[in-house]
Amino acid sequence: MTAALTALPNEMFLPVFEEVLDWQLNILRRYSQATLTVLVVEPAVSDVVGESQAETVDAFRHALCRTIRASDLVAQGLGNEVWLLLPHSDGEGALARLREVFGTTDTPVYRSATLDVLYGAVLPYSAAQLMGDLRHQLG
């Protein structure tokens, strides 16, 4: 169930990711001091010059795999999306780590949408709705 060159679970793993996210949301509803960040990242490949989009996407995924912790859950989404479920972390830290790995340039290397879920937050929706909201933010 992993994409051969990237060690990322492929899109067949996405329903499992969604199920674990629902479970994590239930934990947040119940326990105090729990936090969670859900992040969807997509490589920016529209202006690729000198190499194919597939090579750019593979390089992006390899770099992303080096940033994740053993406690994080990652899944390849639709198209070039990569989903990350980061328990006990915050979005600012996750985005800072992405900037550290991919650098900051005038031309963005990736697009991302993040949702921090903190204990006490109103969680009226499911993982599917949360993921749909993040996809919409991603554009």
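Which exposed residues does the face of helix 3 turned away from its buried side carry? They are Glu92 and Glu100. Here exposed means over 50% relative accessible area, buried under 20%, and partly exposed in between, with a 1.4 Å probe and protein chains only.

This is a predicted model: local features need pLDDT of at least 70, side-chain atom pairs count only at pLDDT 80 or more, and totals for chains, interfaces and linings use all residues. Residues are numbered from 1 along each chain as its sequence is written, and side-chain values use heavy atoms, with hydrogens and water left out.

**Helix 3**

Helices (H or I, at least four residues) and strands (E, at least two) are DSSP runs, numbered from the N terminus. Helix 3 covers residues 91–102. The expected span of a helix is 1.5 Å times one less than its number of residues. For the 12 residues of helix 3 that gives 16 Å, and the end C-alpha atoms are 16 Å apart, so the two agree.

Gly91, Ala94, Leu95, Leu98 and Phe102 are buried in helix 3. They cover an arc of only 95° around the axis, so they sit on the same side of helix 3. The arc is taken from the directions that run from the helix axis to the C-beta atoms.

Asp90 caps the N-terminal end of helix 3. One of its side-chain oxygens lies 3.1 Å from the backbone nitrogen of Glu92. A polar contact is a pair of N or O atoms within 3.5 Å; within protein, one must be able to donate a hydrogen and the other to accept it, and residues adjacent in sequence count only if both atoms are side-chain atoms. Just after helix 3, Gly103 takes a positive phi of about 75°.

**Strands**

Two strands pair if DSSP finds at least two bridges between them. Strand 3 has two antiparallel pairings listed here.

| Strand | Partner | Sense | Bridges |
|---|---|---|---|
| Strand 2 | Strand 3 | antiparallel | 4 bridges |
| Strand 1 (residues 35–43) | Strand 3 | antiparallel | 6 bridges |

Leu73 stands opposite Leu85, and Gln76 stands opposite Val82. Leu36 faces Pro87 of strand 3. The hairpin of strand 2 and strand 3 has 5 residues between the strands, and Gly79 there takes a positive phi near 65°.

In strand 2 (residues 73–76), Leu73 and Ala75 point one way, Val74 and Gln76 the other; all are buried.

**An aromatic pair**

Rings of Phe, Tyr and Trp (its six-membered ring) pair if their centres lie within 6.5 Å; planes under 30 degrees apart count as stacked, over 60 as edge-to-face and the rest as tilted. The count is 1 aromatic pair. The ring centres of Phe17 and Trp83 are 6.2 Å apart with planes at 50°, so the pair is tilted. Phe17 is in helix 1 (residues 14–30) and Trp83 in strand 3 (residues 82–87), 66 residues apart. Phe17 and Trp83 are both buried.

**Glu42**

Glu42 is found in strand 1. Its relative accessible area is 15%, so Glu42 is buried. Leaving aside neighbours within four places in sequence, Glu42 is in contact (heavy atoms within 4.5 Å) with Phe60, Asn80, Glu81, Tyr110, Arg111 and Leu138.
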